[in-house]
Amino acid sequence: MTDDLRLSIAADLERARARTVLLTDAVDDDDLTRQHSPLMSPLVWDLAHVGNQEELWLVRDVGGRDPLRQDIDELYDAFKHSRRDRPGLPLLDPAEARAYTAQVRDKVFDVLDRTRFGPESRLLDGGFAFGMIVQHEQQHDETMLATHQLRAGAPVLTAPPPPRARQAVSGEVLIEAGRFTMGTDTEPWALDNERPAHPVDVPAFWIDTALITNGDYLAFMDAGGYDDPRWWSERGWAHRQSSGLEAPLHWIRDSGGWLHRRFGRVTPVAPDEPVVHVCYFEAEAYAAWAGKRLPTEAEWEKAARWDPSAGRSRRYPWGDDPPEARHANLGQRHLGPAPAGAYPDGASPQGVHQLIGDVWEWTSSGFHGYPGFAAFPYREYSEVFFGGDYRVLRGGSFGTDTAACRGTFRNWDHPIRRQIFSGFRCARDA
Ligand SMILES: [Fe+2]
């Protein structure tokens, strides 16, 4: 058992690192050290930060080894320097950052060989500390992918297009009223904010079977949605006015319609693909215009995990098996979301499609701890963000790895953010 776990952890660590290398080797040293947006770190900061967190948790804490580079801890502490300020720090240069992360990884494989995984240590039970570091690197890889999307210049990333629709998907389904289990006690790599499992009573509601598409969103734009304060919340309208929002981020108006720039390539907006790079306020306004609303976080999770015939919550919409390529558009296999109906094997028992993968879905819920929440392994993971100006996003995107995505996984961001791979679906009261 422990040997199998060791092998699967090693494979997860290597998959994360291959992706980090792909994202950082794709550009030259100037692009690595430059800041492509004040919202983002220079890529070389992410690279060394990934290595530094791995050193702190796996080399020093789990392995009990001497520090490699204690002198740089402060530079790569995300709580000490905002993203905006990171380019001004005396950071490791690209060659130093690559050498450092590789040295850390060598030591980690040695620690992994000697580690016993058992319930006597909560940090090691089920390989948790290693899982936390795998997820951390993959989350930074998704952030680096978003930095690539913000970068100007010729395209450097390539991937095959996502699959086409295999089934027509439209309309909504009714999720009956009743109690379901939200969160988890059993996912070995679940983070503190996903715990504990707890019952939630959810009134009956309707939820869209498909994500809102570019075509749907264009109808809102063509109907003057951006210019009609009726559809916007007070804060949303103030933000729309002050920021001059008139289309999703990366859209370009063209004489014949709308184009969008995606990883350096400009193409016409495809009407059947999920809309992406919208902020919470835009999603909220669209939903109001459509006579609906955004789902709460509990509604989203019930739609994704509740199996009415078995009367229990499952790990994913399709069941308990880990995600495969046929289930969901995850892991940066493609550089954009897939049209509705592209993943019928990943649908929920009630016929809700693409809850996992494609785009992060805005929910109407703020970020709070579940009843009985306990910070682990440190308060800065989640607890310091509770109650802040955030909305929860669910389900992962095409840029989220399988290791950092499950039915219980919670992401959060400010309601004005849209550099992330964010979209939405609508719900309404029954
Ligand atoms: Fe981090």
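Which residues does the UniProt annotation "domain: Sulfatase-modifying factor enzyme-like" cover? According to the unreviewed UniProt entry, this annotation covers residues 170-428. The model shown here is predicted.

**Annotated spans**

- Residues 13-144 are 58% helix and 0% strand. The C-alpha atoms at the ends of this span lie 17 Å apart.
- Residues 170-428 are 15% helix and 20% strand. Here the end C-alpha atoms lie 15 Å apart.

**Where domain 2 meets domain 3**

- How many residues of each domain are in contact? Domain 2 supplies 25 residues and domain 3 supplies 22.
- Helix H8 (residues 280-289) gives the most to the side of domain 2 that touches domain 3. Its share is seven residues.
- That side of domain 2 has 17 nonpolar residues, four polar ones and four charged ones.

**Helix H1 against helix H4**

- Helix H1 spans residues 2-25, and helix H4 spans residues 94-114.
- The two helices pack at an angle of about 170 degrees. Their axes are 11 Å apart.
- Are H1 and H4 roughly parallel or roughly antiparallel? An angle over 145 degrees counts as roughly antiparallel, and H1 and H4 are therefore roughly antiparallel to each other.
- The crossing of H1 and H4 is right-handed.
- On the H1 side, the contact is made by Arg6, Ile9, Ala10 and Arg17. On the H4 side, it is made by Arg105, Phe109 and Leu112.
- By class, this contact of H1 with H4 has four nonpolar residues, three charged residues and no polar ones.

**Helix H1 against helix H5**

- H1 also packs with helix H5 (residues 128-150). The axes of H1 and H5 come within 9 Å and cross at roughly 20 degrees.
- Angles under 35 degrees count as roughly parallel, so H1 is roughly parallel to H5.
- The crossing of H1 and H5 is left-handed.
- H1 brings Ile9, Asp12, Leu13, Ala16, Arg19, Thr20 and Leu23 to this contact.
- H5 brings Phe130, Val134, Glu137, Gln138, Asp141, Met144, Leu145 and His148.
- The contact of H1 with H5 has eight nonpolar, three polar and four charged residues.
- Ile9 of H1 takes part in the contact with H4 and in the contact with H5.

**Helix H7 against helix H8**

- Helix H7 covers residues 234-243. The axes of H7 and H8 come within 9 Å, and they cross at roughly 120 degrees.
- That angle makes H7 oblique to H8.
- Is the crossing of H7 and H8 left-handed or right-handed? The crossing is left-handed.
- Arg235, Gly236, His239 and Arg240 of H7 meet Phe281, Glu284 and Ala285 of H8.
- The contact of H7 with H8 divides into two nonpolar, two polar and three charged residues.

**Backbone points to look for**

- The peptide bond from arginine 195 to proline 196 is cis. Its omega is near -10 degrees.
- Proline 196 sits in the loop between strand S2 (178-182) and strand S3 (198-202).
- The peptide bond from phenylalanine 376 to proline 377 is also cis, with omega near -5 degrees.
- Where is proline 377? Proline 377 is in the loop between strand S10 (360-362) and strand S11 (391-394).
- Histidine 277 has a phi near 65 degrees. That is a positive value in a residue other than glycine.
- Histidine 277 lies in the loop between strand S7 (265-268) and H8.

How values were computed. Residues numbered from 1 in each chain as written. Predicted model: local features only at pLDDT ≥ 70, side-chain atom pairs only at ≥ 80, totals over all residues. Helix = DSSP H or I, 4+ residues; strand = E, 2+ residues; numbered from the N terminus. Contact = placed C-beta atoms within 7 Å. Nonpolar A, V, L, I, M, F, W, Y, C, P; charged D, E, K, R; others polar. Axes fitted to C-alpha atoms, helices over the stretch in contact; angles between N-to-C directions. Parallel < 35°, antiparallel > 145°, perpendicular 65-115°, else oblique. Left-handed = near helix turned anticlockwise from the far one by under 90°. UniProt positions renumbered as here; feature names shortened; annotations may be inferred.
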